[in-house]
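Here is a friendly walk through one protein model, written for reading alongside the structure viewer. Please open the sequence and the model together.

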Amino acid sequence: MDCIGFCTKDPSPMIPHLDEIKDFGQFWFVTITPYGREVEPNVPQKGKVISSFISLSEKVGIKSVAWRYDPIFITEKYSIKQHIADFSAIAKRLSGHTEVCVISFIDLYEKVKRNFPEARTVSPRERAEIGEAFAKIGKEYGIKIKTCAEGTDLEKYGIDCSGCQTKETIENAIGARLKVPSSKRSPRAECSCLIGTDIGAYDTCAHLCRYCYANANKDNVVRNARLHDPSSPLLLGNLRGGEEIHSALQESWIDRQQTFL
C-alpha cells in the first residue's frame, strides 16, 4: 500500500496512534469550517480541531496534510463577508502548517435538501467574489487554494482547479513518483482524484452535519452506531458465518526507475 488517505473533521483520536502506521505513506484532508452547532451539531470546537491539525502536521509533515473549507453555503449568518473574515482567521492559524486549502460549494443532493431545507445554491457571482478573496488570503499566508470538482471558473483568480487528490498531490505526500494505471483515474469528468479503495459506510457519521450527503437521517446513524463492535473486522456488526471474503489486491504504483529530475 503506497498511501492511506484520511478525510476527517477531527484527527485527534488518531494522533496517539500515528506510530502504528508510520511505515505507510499518508495524506490527510482535515475539514475546518466556521459553522456552529446549528449546522455541525457534533463537530468538536474549532480551536480544538485547529490545534489537532497543527499537531498532525508536525508529526506527518506539511506536505501530507491539507485543509478543506467546504462545503461553502450562503445564509444571513454565514454571509460572504463573514466567510471571508472566518477564512482569513483560520488561514492565519494554519499558516506554516499546510500548503494547500481545498474549497468547494454546497451541492444540493436530495438528502441535503431534506436535512437542510434552507440551504441554497451559491450563485456564480458569489462564487467569484469568494474565490477572488480566498485566493488573496491564501497568497498572504502561503496557502495554495484549490477547488474540488468546481470547473475552471476560478482559475482567473489564481486558484488551482486541477483537482484535490491528484497524482501529484499523493506524490508530494509520499515523496515518490507514481505510475498510475489509466483505469484508476476518476470516471467523473469534473474530478481528477485517484481511485483507490474506500473504507467507510453511509449513515455512520455521528457529526450529523446538516449539509452531509452521506447520512440519510439521524435515526439511521444512531441505529448503525449500536451495531459497531471494536473487536469486529467489519465497520458495522459482526460476521454471521457463510460470508465470502476476498483479499484486497495491494499493488504498488511507485515508480522505482531512477531519474535525474
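The report below goes through the cores, the pocket, the cavity, the cysteines and some individual residues.

## Before you start

This is a predicted model, in which local features need pLDDT of at least 70 and side-chain atom pairs count only at pLDDT 80 or more, while totals for chains, interfaces and linings use all residues. Residues are numbered from 1 along each chain as its sequence is written, and side-chain values use heavy atoms, with hydrogens and water left out.

## The nonpolar cores

Let's begin inside. The largest nonpolar core has 49 residues, and those with the most contacts inside it are Ile32, Trp67, Tyr69, Phe87 and Ile103. A nonpolar core here is a set of buried Ala, Val, Leu, Ile, Met, Phe, Trp, Tyr and Cys residues joined through side-chain atoms within 4.5 Å. Buried means under 20% relative accessible area, exposed means over 50%, and partly exposed is in between, using a 1.4 Å probe and protein chains only. At least two residues of this core come from each of strand 1 (3-8), strand 2, helix 1 (46-60), strand 3, helix 2 (80-94), strand 4 (100-105) and helix 4 (124-140). These elements are DSSP runs numbered from the N terminus: helices are H or I with at least four residues, and strands are E with at least two.

Leaving aside neighbours within four places in sequence, Trp67 is in contact with Val30, Ile32, Phe53, Phe87, Ile90, Ala91, Leu94, Thr98, Val100, Cys101, Val102 and Ile143. Contact means heavy atoms within 4.5 Å. A second, separate core has 13 residues, including Ala66, Ala173, Leu178 and Val180.

## The second largest pocket

The second largest pocket holds about 250 Å³ of space. Of its 15 lining residues, Glu99, Val100, Lys146, Thr169 and Asn172 are the closest to its centre. On a 1 Å grid over the protein atoms alone, a pocket is an open set of points with protein on both sides within 12 Å along at least five of seven lines, whereas a cavity is a set of points where a 1.4 Å probe fits but cannot get out; lining residues have an atom within 4 Å of a point. Grid points are joined across faces, edges and corners, and a volume is the space filled by probe spheres set on the points.

Which elements each supply at least two residues of this lining? They are strand 2 (25-31), strand 3 (65-72), strand 5 (144-147) and helix 5 (167-174). Helix 5 gives the most, with three residues. By class, the lining has seven nonpolar, two polar and six charged residues. Here Ala, Val, Leu, Ile, Met, Phe, Trp, Tyr, Cys and Pro count as nonpolar, Asp, Glu, Lys and Arg as charged, and the others, Gly among them, as polar.

## The cavity

The structure holds one cavity of 30 Å³ or more. The largest cavity has a volume of about 40 Å³, and its lining is made of Lys9, Thr31, Ile32, Thr33, Glu40, Val43, Lys46 and Val49. That lining has three nonpolar, two polar and three charged residues.

## Cysteines without disulfides

How many disulfides does the structure hold? There are zero, where a disulfide is a pair of cysteine sulfur atoms within 2.5 Å. The sulfur of Cys148 is 3.7 Å from the closest cysteine sulfur, in Cys164, too far for a bond. For Cys3, the closest cysteine sulfur is that of Cys7, at 11 Å, again too far for a bond.

Cys148 is found in the loop between strand 5 and helix 5. Not counting residues up to four places away in sequence, Cys148 touches Arg68, Val102, Ile103, Ser104 and Cys164.

## Backbone details and loops

A cis peptide bond joins Asp70 and Pro71, with omega about 0 degrees, and Pro71 is found in strand 3. Ala149 has a positive phi of about 55 degrees although it is not a glycine. Ala149 lies in the loop between strand 5 and helix 5 and counts as partly exposed at 33% relative accessibility. Asp153 lies in the loop between strand 5 and helix 5 and is exposed, with a relative accessible area of 60%.

Asp203, in the loop between helix 5 and helix 6, has a positive phi of about 60 degrees although it is not a glycine. Asp203 counts as buried, at 14% relative accessibility. Asn224, found in helix 6 (residues 218-227), is in contact with Tyr202, Asp203, Thr204 and Leu236, leaving aside neighbours within four places in sequence. Asn224 is buried, with a relative accessible area of 14%.
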